[in-house]
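Subject: Structure handover and notes

Hello,

Here is the structure for you to look through. Please keep it open while you read the notes below.

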Amino acid sequence: MRRVGRSLLLLSCGLSAPRAAAWTAPALRAHPALPLTLRPGAVGAGVGQRRAHKPTACDCGGASGAPPAAAATGAVSHPILSPAILSVNPHLDASLPFRNLAFYIISPVQAADDVVEDHRAFLARRQMVGRVYICADGINAQVSGTADQCAEYRAFCHAGFGAGADSAVLFKEDPVAQLSYPRLRVKHRGLVPNTGGPAAVPQIDLSNRGTDLTPAEWQAMLDGAEAPVVLDVRNDYEWDVGRFAAARRPTPTRFAQSDETAYGLPEDADRRAQTPVMMYCTGGIRCEYFSARLKAQGFQKVYKLQGGIQHYGNSFALQQEAPPHWEGSLFVFDRRNTVSLGGAAPRVVGTCLHCGSPTESFVNCGNIDCNKLHLVCAACLPRTAGFCSQPCSAAPRRRPLTDPTATQGAPPGQADPNRLSAVKPHNVGRKDFDVDTHGYRTGQQG
């Protein structure tokens with residue numbers, strides 16, 4: 001009888017019946033939308049692992065946040081959860097109908113394939129969209145849905161992963177007018193490409209990561225007398241539109257290519273041990289991996305910005321000015337492309353690839369085999385037709401510039417006009433397509 005009750009509770013949170021017996025999530029008592037510290041946490045059993053203690057209920061909360069009856073009466077024991085924090089920018093319009101939710105949780109996962117299925121079912125049932133990556137290290141998610149749906153998913157994830165997390169779970173959420181992603185993708189893969197997960201070689205030990213700095217501590221260290229080494233561990237095009245003033249443009253064009261030598265860090269063991277290194281990224285997940293890598297290489301004074309740039313901007317939003325030491329806007333991996341930080345309009349620091357004029361408008365190169373995401377101003381866009389160079393404008397596998405704003409996909413349910421499949425003839429393969437030979441599909445123009 002007790003086993004049946006447990007299954008019903010888990011099913012009410014969106015888990016399929018075959019998974020209800022395989023995954024037990026600890027109860028969450030607080031309202032999922034409250035930006036508060038729930039309780040200091042101890043490391044618990046991993047997600048997907050069978051637990052020896054009594055079955056517990058997963059409280060998805062929703063708009064009401066009412067806990068299950070068993071949890072409310074204290075009849076069910078459960079592991080202690082790590083604190084949960086909701087980071088928002090109070091200047092954004094909270095009346096907008098949708099939310100963009102971004103977070104990650106480093107927490108052991110025992111049955112990643114099963115957990116992937118559970119999360120896919122939970123999100124698909126609510127018609128939410130976004131990207132969710134789950135592996136043995138935990139979860140990395142950027143999703144979009146209504147305010148209530150995102151509140152439910154926050155509670156669902158905090159309940160499932162919070163007992164295994166060794167630090168606060170930091171949810172970053174923005175109100176948006178439209179859903180931020182074209183579709184839903186939930187995959188068993190490394191939380192960051194080429195730095196962890198099933199296919200990564202070598203594996204990175206996340207038990208020895210850098211020290212978190214709160215936004216205030218980060219500012220204080222940048223204000224200090226000693227000039228620190230500040231690393232931007234993002235892609236180069238992200239730096240182009242916004243960065244901390246002390247950080248140089250990343251030498252690797254992609255974060256996956258980063259290592260300590262690429263940033264010019266010392267190679268001598270003594271200098272590595274004594275050199276303070278600060279690092280930041282969009283939301284914090286890339287710093288988790290790169291800081292662990294540096295620690296393994298002998299760097300002892302490694303610091304990472306808690307919650308990334310987005311949380312830093314939210315923390316200083318009430319000052320009615322740009323966050324300290326920050327310049328420009330924040331590149332985000334959703335249909336918005338860039339967002340402002342803090343409480344003031346940003347100074348545009350991005351420059352057009354072709355003429356150098358200030359701009360924050362991105363477009364993917366129309367050469368399918370290049371596809372370079374680059375900045376282009378309104379004056380140069382018609383002249384260049386979205387190509388990053390003259391050779392690309394004559395490439396055989398090129399597409400017309402149909403919608404320059406759709407660099408990260410079309411709205412959900414709509415065809416992406418910038419995909420090759422949308423413009424090439426149906427009877428021509430992707431690799432065989434040559435626009436000068438086959439032309440575009442009827443209705444498309446070059």
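Two residues are in contact when heavy atoms of theirs lie within 4.5 Å of each other. Helices and strands are DSSP runs numbered from the N terminus, where a helix (H or I) has at least four residues and a strand (E) at least two. Residues are numbered from 1 along each chain as its sequence is written. This is a predicted model, in which local features need pLDDT of at least 70, side-chain atom pairs count only at pLDDT 80 or more, and totals for chains, interfaces and linings use all residues, while side-chain values use heavy atoms, with hydrogens and water left out.

The chain as a whole

The chain holds 13 helices and 16 strands. It has 446 residues, and 53% of them count as buried. Buried means a relative accessible area under 20%, exposed means over 50%, and partly exposed is in between (1.4 Å probe, protein chains only). The exposed surface comes to about 19,400 Å², with carbon and sulfur atoms supplying 51% of it. These areas come from the Shrake-Rupley method with a 1.4 Å probe, and for residues only the protein chains shown count as cover. Among contacts with a separation of 6 or more, 70% are between residues 24 or more positions apart.

Helix α9

Helix α9 runs over residues 285-296. Its twelve residues should span 16 Å at 1.5 Å a residue, and the end C-alpha atoms are 17 Å apart, which agrees. The expected span is 1.5 Å times one less than the number of residues.

How many residues of α9 are buried? Nine of the twelve are, so the helix is mostly covered. They are Ile-285, Arg-286, Cys-287, Glu-288, Tyr-289, Phe-290, Ser-291, Ala-292 and Leu-294. The cover over these buried residues includes the strands β2 (98-106), β4 (138-146), β8 (229-232), β10 (277-280) and β11 (302-305), along with helix α7 (236-241). Just after α9, Gly-298 has a positive phi of about 105°.

Salt bridges

Side chains of opposite charge can pair when their charged atoms come close. A salt bridge here is a side-chain nitrogen of Lys or Arg within 4 Å of a carboxyl oxygen of Asp or Glu. The whole structure has 17 of them.

Arg-336 is partly exposed at 26% relative accessible area, whereas Asp-174 is buried at 5%.

Which residue forms a salt bridge with Glu-288? The partner is Arg-209, and the closest N and O atoms are 2.6 Å apart. Glu-288 belongs to helix α9, while Arg-209 is in the loop between β6 (184-188) and β7 (211-213), 79 residues apart. Both residues are buried.

Asp-236 pairs with Arg-249, with 3.6 Å between the closest N and O atoms. Asp-236 is in helix α7, and Arg-249 is in the loop between β9 (242-244) and α8 (269-274), 13 residues apart. Asp-236 counts as buried at 10% relative accessibility, and Arg-249 as partly exposed at 39%. Elsewhere, salt bridges that share partners join Asp-166, Arg-209, Asp-212, Glu-288 and Lys-304 into one network.

Thr-275

Where is Thr-275 found? It is in the loop between α8 and β10. Thr-275 counts as buried because its relative accessibility is 14%. A polar atom of its side chain lies 2.5 Å from the backbone oxygen of Arg-271. Apart from neighbours within four places in sequence, Thr-275 is in contact with Val-229, Pro-266 and Lys-301.

Two positive phi values

Most residues other than glycine have a negative phi. Asn-371 has a positive phi, near 60°. Its place is in the loop between β15 (362-364) and β16 (373-375), and Asn-371 is partly exposed at 33%. Ala-385 also has a positive phi, near 55°. Ala-385 is in the loop between α11 (380-384) and α12 (390-393) and is partly exposed, with a relative accessible area of 31%.

Regards

Technical notes:
Polar contact = N/O pair within 3.5 Å; in protein donor to acceptor, adjacent residues only side chain to side chain.
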